[in-house]
Amino acid sequence: MRTGKTYWRSLDELARTPEFEQWLHREFPENASEWTGKASRRNLLKLMAASFGLAGLVACRRPVERILPAAKGVEEYVPGNPMYYATAFSLGAAAYGLHVEAHDGRPTKIEGNPQHPASRGAAGSFAQASILGLYDPDRAKWVRKDGRRSSWEEFEKFAAGRFAGQGAGLRFLSGEIGSPSLEAVKKHALQRFPQARWVEFEPVSQDEPMAGAQLAFGQPVRAHYHFEKADVILALDCDFLGLDAPTLSYTREFARRRKIGTPQDRMNRLYVAEANYSLTGAAADHRLRLRASEVAALLAELAAELKVFGETLRVLPAASGARRKWLAAVARDLAAHKGRCLVLAGPRQPAVVHAWVHLINQLLGNAGATVTYTAATWTPQTQALKELASEMAAGQVSTLVILGGNPVYNAPADLDFASHIKKVECVIRHGLEEDETAALAHWTLPEAHYLETWGDARAWDGTCSIQQPLVAPIYEGRSAAEVVALLSGYPHRRAYDIVRNFWSALSEPQWRKALHDGVTPTPPSAELKVTADARRIQGLPLPPPATGVEINFQPDAGVWDGRFANNGWLQEAPDPMTKLTWDNAALLSPATARSLGVNTGDMISIQREGRELKIPAMILPGHADNSITLPLGYGRTRCGRVGRGVGHNVYPLRTSGAMSIAAGGKVSKAPGRYKFSLTQDHHSMEGRPIVREATLEEYRKHPHFAHEPHQELFSLYPEHSYDKGNQWGMVVDLNACIGCNACLLACQAENNIPIVGKKEVARGREMHWIRLDRYFSGPEEDPEVVYQPMACQQCENAPCENVCPVAATAHSPEGLNEMAYNRCIGTRYCANNCPYKVRRFNFLEWHKDIDQLQRMQFNPDVTVRMRGVMEKCNYCVQRIQEAKIKAKAEGRRPIRDGEILTACQQTCPAEAIVFGNINDPNSKVSQLRKQDRNYAVLAELNVKPRTTYLAKVRNPNPELV
Amino acid sequence: MSQATNQTVAGVLGDFATPEALLAAVGELRSRGYQKLDALTPFPIHGMDEALGAKPSRLGYLVALGGAAGAGAALLLQWWTGAVDYPLVIGGKPFFAFEFSIPITFELTVLLASFTAVLGMLALNGLPRFYHPVMNAERFRGATNDRFLLVVDAADPLFDPERTAALLHSLGCEHTEVYKDE
Amino acid sequence: MADLAIRPQDIDAELNPPLVTGGLTYASITEKISAITESKTPRAWYIAIGVTGALTAVLGLMIAYLVFTGIGVWGNNSPVGWAWDITNFVFWIGIGHAGTLISAILFLFRQRWRTSINRAAEAMTLFAVACAGIFPLIHVGRPWRAYWLFPIPNTDLNMWQNFRSPLLWDVFAVSTYATVSALFWYVGLIPDLATLRDRARNKIRQWIFGILSLGWRGSAHHWKHYEMAYLILAGLSTPLVLSVHTIVSFDFAVSVIPGWHTTIFPPYFVAGAIFSGFAMVITLMVIARQTLHLEDLITMKHLENMCKVILATGSIVGYAYAVEFFTAFFSGNPYERFTFINRAVGPYAWAVWTMFTCNVFAPQLFWFKKIRTSIPAMFAISIVVNIGMWFERFVIIVTSLHRDYLPASWGYFRPTAIDVLTFAGSIGLFLTLFLLFARFLPIIAVSEVKSVLHAQESGH
Amino acid sequence: MNAIFPKSADRVFRFAVAGLVVTAGAAAGLYAYFSHPKVLDTGYTPVQPVAYSHKLHAGNLGMDCRYCHFTVEKSAFAAIPPTEVCMNCHVRVKPQSPQLQRVRDSYARGEPIPWVKVHRLPDYVYFNHQAHVSAGVSCVSCHGRVDQMIEVKQVEPLSMAWCLDCHRNPAPKLRPVELVTKLDWQPDRDPADIGREIMRTKQIHPPLTCSGCHR
């Protein structure tokens with residue numbers, strides 16, 4: 001049986017590889033200096049080195065700059081004990097604060113930083129999975145010149161000559177910069193090269209919202225929503241719980257307004273109008289199926305209903321029919337909650353829509369209450385990139401420095417970036433991957449992973465965090481700031497110096513505190529008072545509904561814009577709505593599918609502006625008719641082993657004129673079928689009381705609606721009593737759960753859960769310990785969606801235990817259904833006899849092909865299961881044991897409520913999962929179990945599950961039910 | 001046949017064509033006081049035991065003991081391993097209960113009973129016994145085919161090779177043969 | 001046996017027409033049966049065993065591949081954790097039951113017509129159980145740890161088995177069954193081995209059969225204990241054979257899965273086992289009868305009786321199916337109901353209807369004497385029944401698993417080539433063993449047939 | 001002679017059977033003995049890269065175990081000391097000793113000395129030093145009288161059954177926590193009594209379920 005500790009063994013093997021020799025010789029000389037006796041960083045490293053033999057060497061790869069352990073970490077390093085460091089992860093310009101757990105110098109697990117406003121202790125799926133990127137064996141490792149391996153020294157020599165002049169024909173292209181220190185370096189570079197220009201581009205950008213603000217307020221501003229204050233929310237094509245940043249803090253605030261303890265409690269109400277079925281739509285109390293291009297019209301109608309421009313002015317078309325009824329109700333509801341409601345539009349909506357939204361919020365008295373604004377500087381990214389492209393086409397660009405991003409793959413198709421880049425005399429590419437762009441560059445420079453290098457990051461609300469590394473670059477990676485500093489002769493060259501110098505205002509104690517807390521003392525951006533100009537907005541022409549079939553481009557829940565394509569965890573994490581893994585698909589409504597005569601899995605051809613795309617179709621109930629959603633980020637051609645050729649690339653259809661919503665698409669059935677790998681192929685609950693749901697009305701009438709009447713249950717045998725000591729239990733609030741994959745990925749990272757690949761998922765062999773069961777209910781065209789996280793229920797009368805012939809799964813006195821992998825012989829009888837089907841079997845040796853480096857991510861506290869054994873959720877028993885041992889050692893008897901957090905609970909942005917001791921009447925979990933909404937799935941089987949659920953309650957508008 | 005001198009007469013064998021003739025002959029010899037008789041037949045002849053005055057087999061009692069031992073062993077095994085040596089809470093069931101012990105108890109009962117039946121049978125028959133004087137007889141092989149043999153052991157007080165053979169002839173035996181021990 | 005051979009009250013209609021025909025005598029019976037093992041091996045036999053041997057080799061390869069690669073080479077998945085592996089196991093165990101039934105139960109019921117077929121049927125039992133035994137062992141994820149299924153005292157782990165698990169009950173039931181069947185079979189063989197010993201002309205045969213027959217002399221004392229032992233074994237085997245398939249059915253009946261958790265499983269499984277077992281006996285005996293010219297010993301009477309048994313048990317099975325559906329409907333349990341609706345019309349309906357056709361409808365043809373006395377017809381139907389009974393197990397296992405309580409966990413099972421080849425290989429093993437038996441051992445119980453002949457002649 | 005087997009056959013047969021039984025019995029007995037962890041696993045004494053004598057340091061010089069293995073109380077893992085720890089003394093003590101050449105090299109180059117692991121548990125077993133030491137289980141219970149070993153050798157089987165013995169009846173193995181590294185400690189009264197007191201005061205009940213050691 002191999003285990004988390006295997007990495008020691010593999011390290012011995014690793015020790016024989018050249019890279020390792022290199023580390024050896026690079027690290028030790030500089031460390032081999034003084035031994036001060038007390039725990040200085042250096043001797044810590046050597047302690048580890050010595051303690052673990054070669055294993056420690058990885059630890060020794062920690063940079064020698066001083067780093068301080070974070071809150072939970074012990075100040076002095078103890079070999080074998082995990083340490084926690086605060087750092088930050090950024091996606092585009094949105095940064096999230098993290099705590100990273102490191103074992104013996106190997107980062108193994110990511111948690112949210114509770115003190116960071118954008119994370120609040122949660123970490124989304126991207127942040128959770130980003131740790132795998134650190135150990136990605138296919139990362140850009142070396143400096144390359146024309147594809148041949150080179151070195152930083154060579155590049156520095158080259159750069160010294162190349163970057164001498166005023167920067168004529170020099171262009172920088174980077175992703176959106178959220179790092180203050182990098183901005184400083186950028187500023188310096190532009191001073192150093194006055195004729196140079198710098199373009200920032202994100203495939204998923206804030207262009208439209210910013211332009212909208214420009215229209216409304218005459219200046220770009222960033223809007224911040226305060227869901228905790230909002231009683232009524234209208235989200236227009238805005239997935240603020242899913243992909244439209246900054247989702248974590250929004251989710252938390254929103255979820256807090258959905259949790260009700262008693263029928264008397266008040267709940268917020270969410271209206272959603274959208275084309276694709278998003279997580280936000282799933283959480284809605286009322287969802288209006290609507291083509292994205294019709295949102296503008298809807299908004300206008302709403303304005304009419306709200307009499308935004310007074311009785312007299314009747315320039316606006318009024319809605320008709322059902323939509324009118326819906327709108328009227330929504331309008332009344334909003335009007336009735338002036339200052340306590342909220343209207344939002346998604347970043348995919350055109351500027352004018354955002355302008356209208358700003359205006360409406362203002363008139364509803366929400367501005368300053370539920371929505372506040374902060375100043376922002378903005379240059380339209382797509383426009384900028386377009387100009388750059390034309391310069392390149394005209395041969396005016398002699399040197400192009402591409403920092404991050406992957407424009408060759410994801411620049412708008414009409415810019416024809418891939419061919420224009422060939423006209424550039426010298427392309428220098430700095431990035432994490434050797435991707436499509438790197439392939440066309442003359443110099444490729446490896447970028448350091450954010451866990452490898454120093455940096456800083458600004459969150460949505462302006463809060464800044466220091467991004468501190470946990471290991472020195474595993475390969476030759478350097479940060480973008482370092483590269484620009486090198487090119488522009490910035491006074492500081494090493495990432496640490498650049499960052500520390502930028503924050504030189506911080507005194508050493510402040511700096512230490514900033515590192516320790518994960519947030520700098522600099523306050524968030526100041527609130528900005530702005531007023532929308534009603535007259536101007538009224539004059540704005542409304543974009544007409546899209547002709548032909550409308551096409552929506554959306555970031556993907558798995559690979560975002562393609563940057564996570566080589567991340568196996570994200571590839572295998574099922575899409576929250578479609579449950580599709582290792583793929584993207586053209587999502588369309590049943591009606592549209594019928595009209596096209598296609599079924600799920602049929603290939604379709606989409607033509608637009610002379611470009612064609614062939615992609616398999618997937619029917620998504622509840623999708624708007626005559627509209628197709630295309631998730632971005634797949635079909636990568638030059639990418640690591642994991643992501644290469646997975647799915648279909650939809651960028652070729654995406655033009656600078658239609659970055660989000662494209663009109664005039666021609667869609668037809670194309671020959672051929674395509675095989676999807678879904679983790680769930682049945683979508684109806686078959687009328688079974690699995691997820692129990694009621695409206696607030698019903699709940700108030702029948703507070704016990706969640707309790708199924710079934711006859712007295714008893715066992716033939718005298719039952720064991722579980723009334724002593726800790727009795728672990730879990731409660732999942734279905735009202736709060738929004739179905740994002742954060743828990744699933746957190747569990748995967750914590751418990752060394754393998755990736756099985758597309759073929760095996762299709763066979764039904766995925767290994768995730770948590771399933772996010774997604775059920776549709778209601779009409780196929782316009783169903784409602786409920787989510788139910790389903791992991792081992794830890795039954796007291798566990799059917800799985802009875803049938804195991806070798807007693808490999810038994811019950812602990814604390815009520816855990818334990819799985820002893822090393823006793824298991826793999827009859828699979830337990831899985832067959834599990835009514836929840838939450839046991840997972842290692843059908844093959846999933847870890848066979850795992851790179852030695854990737855094994856460094858393994859959690860050493862959890863056995864790595866070999867083929868032929870069964871596994872399943874065990875409430876993170878390793879965390880329970882750790883806490884118990886700690887409690888004992890400290891002579892502290894009882895374990896505090898909330899002292900043990902399961903991985904899923906800890907990362908859940910909605911705080912939907914609560915774990916604790918059900919034997920302690922005051923514990924949070926016991927309190928929740930007392931609620932009316934609390935019920936056990938399949939309770940009638942008398943298996944006595946320890947995990948129970950709080951029934952879902954929706955809060956529909958009485959006018960609309 | 002004619003071998004070393006140390007050969008002793010072991011008995012005389014009479015070869016009959018039918019079971020009925022054999023039965024009759026056995027009855028006659030018994031009435032004349034012969035004790036050490038045996039009949040070798042290709043299949044069991046009903047009434048032969050009575051004719052030979054053999055007591056019914058006591059194998060049944062042995063088997064009963066074997067079965068009891070099996071049951072006891074099974075219960076002991078399940079109780080000791082489950083409730084004494086390493087009690088584990090499994091599926092909320094007791095460490096030991098008769099309900100779930102029945103199947104294995106039954107199986108082991110049958111197993112040990114069957115072993116006793118077979119081994120007991122062999123033991124009572126003194127098998128395996130690869131050599132027996134009667135196997136020296138020419139006609140012995142008929143006994144597993146289609147002949148019905150009556151054997152008078154030399155140890156019988158009334159035994160006399162000639163007279164016994166003659167007597168057998170008089171009882172309708174087609175052929176008699178004196179067989180020797182090594 | 002003798003005591004039943006000549007007691008008038010035991011004589012029933014079964015004796016007419018005679019069970020031994022063609023004016024056979026004791027000697028000619030001995031000659032006829034022994035000759036099979038003594039004569040020169042026919043070419044056909046070599047061809048046959050060549051084919052079956054090759055199949056057996058395939059089984060070996062498949063097992064090796066499985067052990068070195070993992071259960072993943074089969075189609076099993078989550079939720080369908082068991083599929084062909086356990087289907088084959090139950091199938092073979094079922095086949096085995098006819099042998100024990102013929103040798104034990106019919107013996108207790110004084111059915112003298114059993115004598116011509118019980119030897120071969122018992123042999124079939126052994127070989128079927130051998131095939132069955134393979135699957136539980138290789139279906140586990142870590143076969144090299146399969147010995148943990150047996151309560152071997154272990155000084156290092158101090159771990160024991162879980163005696164609550166039906167799978168462990170299986171281990172005991174199947175191993176007991178295999179052992180007892182082997183004993184029973186061997187005890188029955190002893191007198192005939194002695195016959196072969198005494199017919200043997202060359203030293204090797206003399207030694208081999210001399211040792212195997214343990215020095216049997218056919219003495220009255222031997223017969224006395226022998227008959228008692230045989231009677232007792234029959235008495236033990238009868239409840240044993242019932243218990244074995246009862247316990248096999250517990251694997252399912254004791255679980256919580258709709259479609260498995262069913263109280264009628266034990267009788268239903270036993271009936272099914274006898275059903276499939278007799279079908280297999282017919283399949284084999286018809287072949288043996290034709291190729292080895294045993295028409296006088298395996299008479300039409302024998303075959304017809306077996307057809308009747310198949311008709312009866314087939315009807316019981318059909319009744320069980322009906323009851324299952326009715327209970328599901330009547331119980332009002334939504335999960336139970338769904339499972340059976342899903343069987344009838346779900347993705348596996350094709351398998352379910354194959355099962356119905358083969359097991360319920362096909363045997364009904366035996367109502368017609370014409371059909372149950374026609375060799376080709378009974379042969380064809382026996383094959384059909386074998387297929388049907390394999391599908392019964394497949395249906396019970398797979399259709400119940402692939403859609404149980406939570407629709408989100410539902411799945412579908414597709415077999416792989418390895419699945420198919422493994423099963424084919426097990427058939428190869430079964431036939432190979434049977435061919436070896438038919439070649440080297442008396443396939444008909446010589447001494448028993450003689451006693452039947454004696455009964456016949458002594459004027460009944 | 002007509003019989004197939006000579007008269008002696010049965011005697012031969014009986015001897016053969018008897019012989020078989022005896023050999024089988026003997027084989028079983030031998031296997032049981034040699035496969036027993038006490039025999040199979042104990043006594044492992046690998047040669048270490050440096051001839052370090054625990055007898056000298058821990059025994060004669062009376063150094064406390066925790067001077068080198070300083071993490072036993074704080075961590076699941078008992079640290080093998082870094083070279084610095086050796087050099088703390090050996091810069092002064094025997095600075096020239098050829099036996100210490102390897103140590104000095106390691107210190108100079110910063111390359112760890114590849115000590116050989118003596119007490120190895122399977123990877124799926126999670127033994128926690130902190131938990132045991134803080135409960136008052138002495139080093140000697142598992143590692144034996146290391147202070148008398150010139151070369152460290154495994155003296156206990158470290159098998160699951162062996163662990164369970166103590167987990168089922170910990171009292172005799174418990175002692176006041178300050179005495180855990182006092183390998184030669186002899187209690188003045190029945191150690192079980194002391195153990196029971198400690199169990200009461202510290203509420204010690206070792207886990208007997210799987211997840212106690214397997215995660």
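**Exercise 1. Two helices of chain A**

How are H11(A) and H12(A) oriented to each other: roughly parallel, roughly antiparallel, roughly perpendicular or oblique?

Solution. The model is predicted; local features need pLDDT of at least 70, side-chain atom pairs count only at pLDDT 80 or more, and totals for chains, interfaces and linings use all residues. Residues are numbered from 1 along each chain as written, chains are lettered from A and ligands numbered from 1 in written order, and side-chain values use heavy atoms, without hydrogens and water.

Step 1: locate the elements. Helix H11 of chain A spans residues 295-306, and helix H12 of chain A spans residues 321-336. Helices (H or I, at least four residues) and strands (E, at least two) are DSSP runs numbered from the N terminus.

Step 2: take the geometry. The angle is about 55 degrees, and the axes lie 9 Å apart. Axes are lines fitted to C-alpha atoms, for helices over the stretch in contact; angles run from 0 to 180 degrees between N-to-C directions.

Step 3: classify. Under 35 degrees counts as roughly parallel, over 145 as roughly antiparallel, 65 to 115 as roughly perpendicular, and the rest as oblique. H11(A) and H12(A) are therefore oblique to each other.

Step 4: H11(A) passes H12(A) in a right-handed crossing. Right-handed means the near helix is turned clockwise from the far one by less than a right angle; anticlockwise gives left-handed.

**Exercise 2. A helix pair of chain C**

Classify the packing of H9(C) and H10(C), then describe the contact.

Solution. Step 1: H9 of chain C covers residues 265-292, and H10 of chain C covers residues 300-331. They pack at about 150 degrees, with axes 8 Å apart.

Step 1: H9(C) and H10(C) are therefore roughly antiparallel to each other. Their crossing is left-handed.

Step 2: the contact residues of H9(C) with H10(C) divide into 20 nonpolar, three polar and two charged. Nonpolar covers Ala, Val, Leu, Ile, Met, Phe, Trp, Tyr, Cys and Pro; charged covers Asp, Glu, Lys and Arg; the others, Gly among them, are polar.

**Exercise 3. The sheet of chain B**

Which strands stand at the edges of the four-stranded sheet of chain B?

Solution. Step 1: write the order. The open sheet of chain B runs S2-S3-S1-S4, with antiparallel pairing. Two strands pair if DSSP finds at least two bridges between them.

Step 1: read the ends. S2 (37-40) and S4 (175-181) of chain B are the edge strands, each with a single partner strand, so one side of each has no neighbour in the sheet. The twist averages 25 degrees from one strand to the next.

Step 2: check a pair. S1 of chain B (residues 8-16) and S4(B) pair in the antiparallel sense over seven bridges. Asp15(B) stands opposite His175(B) in S4(B).

**Exercise 4. Strand pairs of chain A**

In which sense does S26(A) pair with S20(A) and with S23(A)?

Solution. Step 1: S20 (residues 549-554) and S26 (residues 661-673) of chain A pair in the antiparallel sense over three bridges. Asn552(A) stands opposite Ile661(A) in S26(A).

Step 1: S23 of chain A (residues 602-608) and S26(A) pair in the antiparallel sense over five bridges. The bridge partner of Ile604(A) in S26(A) is Lys669(A).

Step 2: turn to another pair. S6 of chain A (residues 170-174) and S7(A) pair in the parallel sense over four bridges. Ser174(A) stands opposite Glu200(A) in S7(A).
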